[in-house]
Amino acid sequence: MSEDVTLSHEEILRYSRHLLIPDVGLEGQKKLKAAAVLVIGTGGLGSPVALYLAAAGVGRIGLVDYDVVDESNLQRQVIHGTSGVGVLKVESARERMLDLNPDITVEVYNEPFVSENAYRIAEPYDIIIDGTDNFPTRYLTNDLCVLTGKPNVYGSIFRFDGQLSVFDAKRGPCYRCLFPEPPPPGLVPSCAEGGVLGVLPGTIGTLQATEALKLILGIGTPMIGRLLLYDALTLSFDFVNLRKDPNCRVCGQNPTVTELIDYEQFCGVPGHDHDEGSAGKDWDIEPRELAERLERGEKIRLIDVREPHELEISRIEGEELIPLGQLAARMSELDSAQEIVLFCKAGTRSARALEVLASAGFRKMKNLHGGINAWAREVDTSLPVY
Amino acid sequence: MATLRVPTPLRPYAGGQSEVKVQGGTVGEALAEVTRQHSALQPHLFAPDGQLRPYVNLFLNDEDVRDLQGLETPLEDSDRLMLIPSIAGG
């Protein structure tokens with residue numbers, strides 16, 4: 001393909017530092033221009049990936065996301081700016097990328113990446129970059145890449161930990177060879193629940209961009225069959241070898257997954273990292289209703305299942321703290337005959353706490369819908385939202 | 001003694017430690033010792049039948065213990081065991 005590609009004088013000047021590297025040169029730069037890469041997610045990982053691929057002159061870059069830019073994104077999602085708050089992420093990202101490099105084409109897909117549209121969206125691209133924030137979309141991305149024979153440049157982050165690999169089932173293992181099953185819902189907190197060091201996706205995302213460029217250029221040793229484990233706290237990079245699992249359900253010898261499935265059902269969690277948790281209509285209580293009932297003097301125990309350090313940000317008067325991780329061990333402190341309202345930051349952890357208590361026989365309880373953040377928006381506006 | 005690297009999501013169940021010293025002639029013995037010290041870790045690592053849970057990846061130095069001798073793999077003092085978590089943030 002790259003034989004038909006030419007570079008203008010302006011492009012030759014722009015890519016001068018690439019052209020000077022013998023491993024890239026004019027031929028390599030043409031390969032980059034002829035390449036098409038799909039970036040799934042324009043969040044923490046997608047931001048540096050998209051910026052560096054655009055700057056490097058990857059000719060066609062696709063972006064999939066359906067979110068809008070939020071203030072809480074800007075601590076790490078450096079492709080977006082304060083002026084972009086409220087704007088569609090794919091539009092905000094495209095504008096920044098075309099400002100960085102007007103010679104490339106940026107295609108945007110303002111839709112959730114799901115089994116129904118994944119083939120259509122991925123079809124024109126050579127390489128898929130997994131910058132998503134949830135397990136269902138990661139399994140979908142993997143299976144799609146295996147079924148279509150495209151390499152999956154994988155990156156994942158949590159707090160201070162990062163992982164990176166290239167899953168290319170034609171040449172090595174896939175994501176499911178390493179993680180045949182997702183962890184049980186709730187074991188691994190998401191970034192919206194557990195937080196993430198803002199610069200961490202910068203480290204892992206730039207490595208994903210590096211791997212994508214190497215794959216396009218055909219240089220170096222791609223991370224196929226190897227997994228990087230990065231720990232920002234100790235600044236350690238550990239590498240482990242990954243092997244293809246002959247019994248892998250999607251890339252093994254007798255695959256049982258031969259088409260895309262329902263990944264939300266497979267993982268038991270939603271395909272996004274929004275943290276507006278609900279325990280279901282019958283179990284939720286709205287902030288205003290709770291405020292009215294407390295005002296009437298009803299006896300309700302307010303159990304905060306967040307972590308102790310979150311109390312410094314906001315608290316509800318009269319609350320008692322029992323972090324979710326301690327709930328099972330401290331259940332004796334609760335009385336199932338007394339009404340309980342559980343809450344956390346936004347309702348996800350408290351919905352899980354409600355399940356824990358329900359399985360122990362508790363019935364007189366509610367989940368504060370939207371958590372203390374909804375309480376801060378609707379009842380006590382003196383509290384910050386985080 | 002060998003060391004076991006505990007990933008961030010499992011640290012709350014291992015007294016907040018990122019690395020623990022482990023003793024045992026095999027990987028299985030070392031893990032049994034760790035889960036005796038930190039009982040909260042036990043259900044996260046092992047299924048009720050005593051096997052490692054399928055989403056738990058345990059590597060000895062740079063190899064998956066499933067590609068070695070599993071829980072029977074001999075352990076040396078200089079060895080490094082790593083638990084590799086499923087994380088999904090992006």
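A: A residue is buried if 20 or more other C-beta atoms, placed from the backbone, lie within 10 Å of its own, exposed if 12 or fewer, and partly exposed in between. A:Ile127 counts as buried because it has 23 C-beta neighbours inside 10 Å. The model is predicted, with local features needing pLDDT of at least 70 and side-chain atom pairs pLDDT 80 or more, while totals for chains, interfaces and linings use all residues. Residues are numbered from 1 along each chain as its sequence is written, and chains are lettered from A and ligands numbered from 1 in the order in which they are written.

A:Ile127 is found in strand E4 of chain A, residues 127-130; strands (E, at least two residues) and helices (H or I, at least four) are DSSP runs numbered from the N terminus. Leaving aside neighbours within four places in sequence, A:Ile127 is in contact (C-beta atoms within 7 Å) with A:Val37, A:Lys150, A:Pro151, A:Val153, A:Ala212 and A:Leu215. A:Lys150 is 23 residues away from A:Ile127 along the chain, yet their C-alpha atoms are separated by 5.8 Å.

Chain A as a whole is divided into domain 1 (35-267) and domain 2 (284-378), with bounds from an automatic or database domain assignment. Taken over C-alpha atoms, the centres of the two domains are 35 Å apart.

Chain A also has an open sheet of 5 strands with parallel pairing, in the order E9-E13-E12-E10-E11; strands pair if DSSP finds at least two bridges between them. Strand E9 (284-285) and strand E11 (320-321) of chain A are the edge strands, each pairing on one side only. Strand E10 (301-304) of chain A runs parallel to E11(A), and 2 bridges join them. In E11(A), A:Glu320 is the bridge partner of A:Ile303. Helix H14 (348-359) of chain A packs on the sheet, where it touches strand E12 (340-343) and strand E13 (365-368) of chain A. The direction of H14 makes about 165° with that of E13(A), on axes fitted to C-alpha atoms, for helices over the stretch in contact, with angles from 0 to 180 degrees between N-to-C directions.

Chain B touches chain A as well: 20 residues of chain B are in contact with 36 residues of chain A. On the chain B side, strand E3 (57-60), strand E4 (63-64) and strand E5 (80-84) of chain B each give two or more residues. Chain B has 2 helices and 5 strands, which follow the pattern β-β-α-α-β-β-β along the sequence. Of the 90 residues of chain B, 33% count as buried. The C-alpha atoms of chain B fill a box of roughly 35 × 25 × 25 Å along the principal axes.

Key: Two residues are in contact if their C-beta atoms, placed from the backbone, lie within 7 Å.
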